[in-house]
Amino acid sequence: MHISITPEVLFHIGSLPVTNTLLTAWLVVILITVGAIIFSFTFKRKPGRAQTAIEGIVDNLLGFFETIAGSRETAKRFFPIVATIFIFVLLSNWAGIVPGVGSIGFTEVNDGKETFVPLFRSVFSDLNMTLALALIAVSLSHFFGVVTLGIKGHVGKFITFKSPIATFTGILEIVSEIAKVVSFSFRLFGNIFAGEVLLTIIAFLVPYIAPLPFLGLELFVGFIQALIFGTLAMVAFSSFSVSHAEH
């Protein structure tokens, strides 16, 4: 039974250590890219069943994010990046329960002790990956804030000396943005890592049949976590548009 809170380094590209979680993430990105290319080449004005199903999913997803953003125009503006985040998180979560992930690997010998190193591992069982995605989402929200409000208007939300109350509110906004990164990171990491540990223990104690219900549960949890992360990203992006409208 192999449980490790830190990802294992497989090899280096220059000074970049390539971990098993990063390798899995690259494969998910390749899968999404290839899927998008295939869909773009097979797109038809008169859709078949597969295209109709995909368009229905996209439309329902857009409708859901419209309720979060407050308007369809705002939802459409941020939908490409939010949907990309949603799909990446969803497929990364589901990739973690594909047979072979966590069980296919090799053995290293360090100081006379054998250690199993899995070749692939669930992407977001690595805190570095969740932190990176959280930083991307929060940084993009500030980019959209600058585009929407201008540099002066956006920075003025955080740094202002109009009054002691306004200054204190700005400090709270800064703390809130830092807390947002921490919240984004640990929520996703905690759920995915806990699921990975649960499946590993169940498969070790009662293999074959017993893990099946938990695999179904992990599919559901993976979808919910992707939806939550996408929702939080849409809230972060659209909040500046709301501020702009109020001004």
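Predicted model: local features only at pLDDT ≥ 70, side-chain atom pairs only at ≥ 80, totals over all residues.

Me: How are the rings of phenylalanine 88 and phenylalanine 124 arranged: stacked, tilted or edge-to-face?
Reply: A pair of aromatic rings is described by the distance of the centres and the angle of the planes. The count comes to eleven aromatic pairs here. For phenylalanine 88 and phenylalanine 124 the centres are 5.8 Å apart and the planes stand at 90°. Planes over 60 degrees apart count as edge-to-face, so this pair is edge-to-face.

Me: How many residues apart in sequence are the parts that the pair of phenylalanine 88 and phenylalanine 124 ties together?
Reply: Phenylalanine 88 belongs to helix α3, which covers residues 72-95, while phenylalanine 124 sits in the loop between β4 (113-118) and α4 (127-155). The pair therefore ties together parts whose separation in sequence is 36 residues.

Me: Is phenylalanine 124 buried or exposed?
Reply: The cut-off needed here is that a residue under 20% relative accessible area is buried. Phenylalanine 88, its ring partner, has a relative accessible area of 15% and is buried. For phenylalanine 124 the relative accessibility is 1%, and so this residue, too, counts as buried.

Me: How are α3 and α4 oriented to each other, roughly parallel or roughly antiparallel?
Reply: The two helices pack with their axes 13 Å apart, at an angle of about 180°. Because angles over 145 degrees count as roughly antiparallel, α3 and α4 are roughly antiparallel.

Me: How many residues of the contact of α3 with α4 are nonpolar?
Reply: On the α3 side, Arg77, Phe78, Ile81 and Val89 take part, and they meet Leu133, Leu140, Phe144, Val147 and Thr148 in α4. Of the residues in this contact, one is charged, one is polar and the nonpolar ones number seven.

Me: Which residues is glutamate 55 in contact with, leaving aside its neighbours within four places in sequence?
Reply: Glutamate 55 lies in helix α2, residues 49-69, and counts as partly exposed at 33% relative accessibility. With the neighbours within four places in sequence left aside, its contacts are Phe43 and Pro47.

Methods. Residues numbered from 1 in each chain as written. Heavy atoms only, no water. Phe/Tyr/Trp six-rings, centres within 6.5 Å; stacked < 30°, edge-to-face > 60°. Helix = DSSP H or I, 4+ residues; strand = E, 2+ residues; numbered from the N terminus. Buried < 20%, exposed > 50% of the residue type's maximum accessible area, 1.4 Å probe, protein only. Axes fitted to C-alpha atoms, helices over the stretch in contact; angles between N-to-C directions. Parallel < 35°, antiparallel > 145°, perpendicular 65-115°, else oblique. Contact = heavy atoms within 4.5 Å. Nonpolar A, V, L, I, M, F, W, Y, C, P; charged D, E, K, R; others polar.
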